[in-house]
Amino acid sequence: MKSLARMILLGSMFLTACDDAKPETEPAPAASSASASAPDPTAASASASASASASAPVALPEQPDDFALVEPATPTCPPEMVRVKKSYCVDRYEASLVDTETGQDLSPYYVPSRKQALSIQKLWEQERLAVGPAEAREMALPPLPPWQSQRNFEPKAVSKKSRIPQGYLTGPLAALACKNAGKRLCSLSEWQTACRGEDDRNFPYGDTYEQSKCNIFREAHPAGLLHGNPSIGHSDPRLNTVKAGDKPLLRRTGETRACTSRWEGDGIADMVGNIDEWIDDPEGTFVGGFYARSKKDGCASMVRAHPFDYFDYSTGVRCCKDL
């Protein structure tokens with residue numbers, strides 16, 4: 001038994017000695033050491049790109065040639081106006097008037113001056129009872145708005161469709177109305193160019209006169225109907241309310257659709273007929289003709305027989321404006 005125990009003890013000691021003799025496992029090399037010793041292809045590529053970028057010229061956005069002509073955008077006109085030849089604006093419709101301060105409508109049947117309007121109203125309240133046929137004598141004057149007879153005011157031109165255009169305008173009042181609208185009177189050449197349209201025609205609708213295309217050369221004269229004489233009584237406030245049969249002689253703005261001067265797909269209404277229009281001439285010129293004028297000269301029509309401060313039922317205005 002002692003021999004067996006001795007043998008087991010010796011074997012155990014031998015195994016322990018063998019374990020102590022095994023070499024320790026060496027640790028794996030660190031990743032950073034491997035990276036440091038081996039070249040990185042990605043880093044090399046990035047370095048090359050940076051170097052190339054530094055040496056290559058920087059691409060700038062394309063700039064226009066210093067000598068190239070760059071056409072500026074052409075300004076547009078206010079919405080109530082039409083652009084003509086890309087150089088100026090013309091009112092689309094004949095002017096109606098409002099009070100500059102309040103925007104209240106002025107009567108289109110009286111001169112837009114308080115004192116003159118009151119004087120004319122007083123005159124024709126008497127004259128209408130003594131002049132013309134019995135039917136005309138019974139015809140009342142159009143009302144003068146109370147506020148218009150009670151205080152002073154300044155007229156301002158507005159360009160709107162389906163309005164009774166303002167008559168009874170002097171040249172200076174026409175100029176003031178346009179000025180208060182931020183506009184001005186048209187020159188003769190501006191007015192005639194606008195009237196002839198893009199196709200440069202004698203009439204807004206063509207080169208040859210056609211009856212009824214514009215509201216001109218009508219079948220009756222209002223002073224002839226009211227006073228029995230077309231050459232008298234032209235300050236009468238009733239004149240532009242007169243009808244021929246059942247149709248008014250003076251039409252609302254834009255009502256005569258064929259009488260439109262065309263520009264850039266837009267149109268200017270009634271430059272021939274309906275009502276005469278003052279232009280910028282201190283000697284006194286109005287153009288275009290009015291509904292009872294017996295003329296067939298279209299855009300060339302003009303009257304130079306009166307001073308700039310003249311007015312009657314036929315004299316109105318249309319404003320121009322610089323772009």
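Predicted model: local features only at pLDDT ≥ 70, side-chain atom pairs only at ≥ 80, totals over all residues.

Which residue caps the N-terminal end of α7? It is T170, with a side-chain oxygen that lies 3.1 Å from the backbone nitrogen of L173.

Let us now consider the helix itself. The buried residues in α7 are G171, L173, A174, A177 and C178. Viewed down the axis of α7, these buried residues fall within an arc of 165°, so they line one face of the helix. As a general point, an α-helix has 3.6 residues a turn, so residues three or four places apart point the same way.

What covers the buried residues of α7? The cover includes the strands β3 (96-99), β4 (155-158), β5 (184-185), β10 (276-278), β13 (315-317) and β14 (319-322).

I turn next to the nonpolar cores. The largest has 43 residues, and Y168, L169, Y291 and V317 have the most contacts inside it. At least two residues of this core come from each of α4 (114-127), α7 (171-180) and α9 (222-227). Of these contributions, that of α7 is the greatest, at four residues.

V317 deserves a moment of its own. Setting aside neighbours within four places in sequence, V317 is in contact with E94, A95, L169, A174, C178, L185, D276, E277 and W278. Of these partners, A174 and C178 are among the buried residues of α7.

Finally, there is a second, separate core of 22 residues, which includes Y205, I216, W263 and V272.

Definitions and conventions:
Residues numbered from 1 in each chain as written. Heavy atoms only, no water. Core = buried A, V, L, I, M, F, W, Y, C linked by side-chain atoms within 4.5 Å. Buried < 20%, exposed > 50% of the residue type's maximum accessible area, 1.4 Å probe, protein only. Contact = heavy atoms within 4.5 Å. Arc of directions from axis to C-beta. Polar contact = N/O pair within 3.5 Å; in protein donor to acceptor, adjacent residues only side chain to side chain.
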